[in-house]
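The points below are grouped by topic and are meant to be read alongside the sequence and the coordinates.

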Amino acid sequence: MKKQTRGFIILFGLCFFFLATSLFAEDISVQAQLSQRNAYVGEAIVYQIQVTGSDSPDQPDLSGFTDFNVSFMGGQNTNQTFQMTVNGQTTRYENKGYVFQYKLIPKGAGNLTVPSIDVKVNGRIFRTGASSVYIQEPVEVDNFKARVSLSKSSCYIGEQIYLSVTLYFGANIQSPIFSVPLLNDDRFHFIPVDQSKSTQKDDLVNIQVNDEEMIMKIAQGTLNGQKYNTLSFSMIVIPRVSGDLVLDKATVSFDGVSGYRNVQDFFGRTVRKEQYSKFVVPSNQARLTSLELPRANRPPGFSGLVGEYKVAAEAYPLEVKVGDPITYTVKLSGGLYMQYDDIPDLNELSAFNENFKIPKDRAPGKIQGSEKLFLHTIRASNKDVKEIPSLEIPCFNTKTGKYEKIVAPAIPIEVEPTATLTYLDVQGEDPEEIKKDVESWKEGIAYNYTGPSVLRSQNAGLSGLTHPAMLLFLIILPLAYLVLLYMFRLRPLIEARRNPVKLALQQVLKNLGNWDESLSSADQYNVLLEQLKYYFGAKFSKKAGALTFADLKPILQSEKTPQELIDEVRSIYEVCEAARYANQGKVGVEEMKTRVINLINQLERGL
């Protein structure tokens with residue numbers, strides 16, 4: 001009977017174990033969910049893909065979402081673990097899962113379809129279900145309006161103009177979010193404007209624009225004769241293509257005061273309380289006419305300066321001797337954003353290199369107020385130099401619509417010959433006579449003469465090598481050399497090959513140090529960005545060539561990278577990509593090379 005009871009207990013335990021295993025061992029499944037089924041054009045909808053049964057799915061392709069602007073917001077595992085104890089035996093179970101999260105911005109109104117997509121999990125393909133959302137056109141209301149404005153309605157390719165996006169509100173608002181699809185338009189290049197330099201700190205606030213936060217200005221303004229409070233930001237926009245360009249509308253969603261109701265306060269008094277409702281307001285649709293730069297009469301040396309530029313120059317000192325240093329400063333002004341603006345290399349101008357010695361490297365341009373300063377150290381090469389020649393810079397004047405040369409006038413200088421002291425000036429006698437006098441004194445002072453006639457053989461032979469101290473020296477010297485060679489050359493190489501990140505870091509720093517100056521400016525920026533991608537690819541085990549800032553941002557955030565370093569990564573990406581387009585000079589490249597090296601060193605210390 002006991003054996004039967006014992007067998008029954010064992011059988012029951014096995015059945016319970018297999019039942020629990022079947023309950024908690026998850027099959028793989030994939031589902032898609034939307035945060036809402038009704039929204040406005042330009043309003044963000046959160047789209048999640050939930051994977052159960054695996055924490056390592058491949059990121060799906062959402063290129064088929066043609067009715068939406070799609071932004072990847074990141075992904076994370078949702079693993080859960082628990083334990084179960086049966087007859088004193090503890091079994092550990094784990095439920096694996098993963099969630100991808102995206103933001104969908106509807107492009108138009110109507111019943112839009114969110115298509116089904118394929119998700120690859122552990123080598124198998126799973127398909128999500130399709131769903132639909134109803135999208136309405138946002139409408140203006142009296143208290144809330146949005147506007148997009150340009151500083152010029154017509155400009156040239158490469159010209160810098162201002163873009164402003166403003167929310168006008170006549171009642172209190174909360175949690176505003178700006179959706180500006182225009183900022184992702186490849187027909188334009190955008191440069192943020194730092195409003196903190198021209199606005200009091202109390203009038204600035206961080207507001208979400210698309211996927212990032214941006215500093216905005218709080219002020220007051222008038223629209224159609226009515227006063228409003230305003231919330232705005234500005235960008236510098238540079239058109240890349242020509243034609244009559246229609247700009248996408250912006251939308252702003254927020255909670256705004258829609259009315260009031262009477263309530264009783266703590267003391268029983270009747271007070272009015274604000275009632276908030278959800279609002280989504282559209283902007284106007286701005287237009288821009290972008291003109292091609294003329295191909296005819298384009299001057300040689302034109303580097304892409306498009307606008308109403310001016311140039312001036314100054315030098316110090318103005319009275320020098322041949323070879324003395326002269327600080328020659330060129331001041332360029334007229335650009336809205338002059339980070340990429342450059343001037344000709346003085347070494348390539350015959351008017352300068354024929355009469356002045358000019359270093360191959362010069363200090364990077366420095367922006368000071370509304371000017372960009374270029375400092376050179378030049379030296380007159382002969383006493384006949386009478387002036388520092390005028391400096392001519394080709395540009396395209398957008399006011400006249402013509403190619404012109406802006407000119408920094410010549411600067412008169414006085415150059416004196418260098419004063420040279422000879423041996424005769426110092427001694428007052430002919431050195432040959434001195435030699436003859438010394439040689440004539442054969443006795444007594446001949447030891448003072450250092451000519452070849454008094455040299456004696458001082459060959460010590462090989463006997464000194466047998467001295468114990470010399471033998472010890474000959475043994476220690478090679479050993480010391482081998483130890484130093486291992487410590488400073490071989491060991492770092494061995495450690496680097498064991499650590500691919502360290503090897504990539506060494507390779508990037510070596511490449512940045514061995515810079516090919518013969519490449520064009522655009523190619524140098526391209527190489528610089530590729531080196532940074534190569535470093536990140538090795539560090540985070542990603543394909544370097546396809547890495548964008550949008551890919552790096554969630555990775556850097558997950559590594560607890562300081563926000564200022566993430567901002568620096570974004571800035572370097574923007575500057576390199578913009579400079580490749582603008583085809584600017586080498587000064588900017590040198591600045592960016594230094595910034596990239598500093599960034600990598602800070603990341604290595606912090607991550």
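Lysine 560 is located in the loop that joins helix H8 (549-558) to helix H9 (563-582). Its phi is near 60°, a positive value in a residue other than glycine. The model is predicted, and the values that follow should be read accordingly.

**Backbone features in loops**

- Lysine 560 has a relative accessibility of 72%, so this residue counts as exposed.
- Asparagine 297 also has a positive phi, of about 65°, although it is not a glycine.
- Asparagine 297 is placed in the loop between strand S23 (287-291) and S24.
- With a relative accessibility of 71%, asparagine 297 counts as exposed.
- A cis peptide bond, with omega near -5°, runs from tyrosine 316 to proline 317.
- Proline 317 belongs to the loop between strand S25 (310-316) and strand S26 (319-321).

**A mixed open sheet**

- An open sheet is formed by 3 strands in the order S24-S32-S33, and its pairing is mixed.
- Strand S24 (306-307) and strand S33 (402-408) are the edge strands, each of which pairs on one side only.
- S24 pairs with strand S32 (residues 391-397) in the parallel sense, over 2 bridges.
- Within this sheet, glycine 307 stands opposite asparagine 397 in S32.

**Aromatic pairs and a charge over a ring**

- Across the whole structure, a search finds 17 aromatic pairs.
- In the pair of tyrosine 337 and tyrosine 340, the ring centres are 5.6 Å apart and the planes stand at 70°; the pair is therefore edge-to-face, as angles over 60 degrees are counted.
- Tyrosine 337 is partly exposed, with a relative accessible area of 23%, whereas tyrosine 340 is buried at 8%.
- Phenylalanine 536 and phenylalanine 540 form a stacked pair, with 6.0 Å from centre to centre and 10° between the planes.
- Both phenylalanine 536 and phenylalanine 540 lie in helix H7 (residues 521-540), where they are 4 residues apart, about one turn of the helix.
- Phenylalanine 536 counts as buried at 0% relative accessibility, and phenylalanine 540 is buried with a relative accessible area of 12%.
- Tyr47, Phe65, Phe72 and Tyr102 are linked into a cluster by ring pairs.
- The charged end of arginine 272 sits over the ring of tyrosine 260, at 4.2 Å from the ring centre.

- Is glutamate 43 buried or exposed? Glutamate 43 has a relative accessible area of 6%; this value is under 20%, so the residue is buried.
- Glutamate 43 is found in the loop between strand S2 (38-40) and strand S3 (45-52).
- Its side chain makes a polar contact, at 3.5 Å, with the side chain of glutamine 36.
- Leaving aside residues up to four places away in sequence, glutamate 43 touches Gln36, Leu104, Ile105, Pro106, Thr251, Lys278 and Val280.

Conventions: Residues numbered from 1 in each chain as written. Predicted model: local features only at pLDDT ≥ 70, side-chain atom pairs only at ≥ 80, totals over all residues. Heavy atoms only, no water. Pairing = 2+ DSSP bridges. Buried < 20%, exposed > 50% of the residue type's maximum accessible area, 1.4 Å probe, protein only. Phe/Tyr/Trp six-rings, centres within 6.5 Å; stacked < 30°, edge-to-face > 60°. Lys NZ or Arg CZ within 6 Å of the ring centre and 35° of its normal. Polar contact = N/O pair within 3.5 Å; in protein donor to acceptor, adjacent residues only side chain to side chain. Contact = heavy atoms within 4.5 Å.
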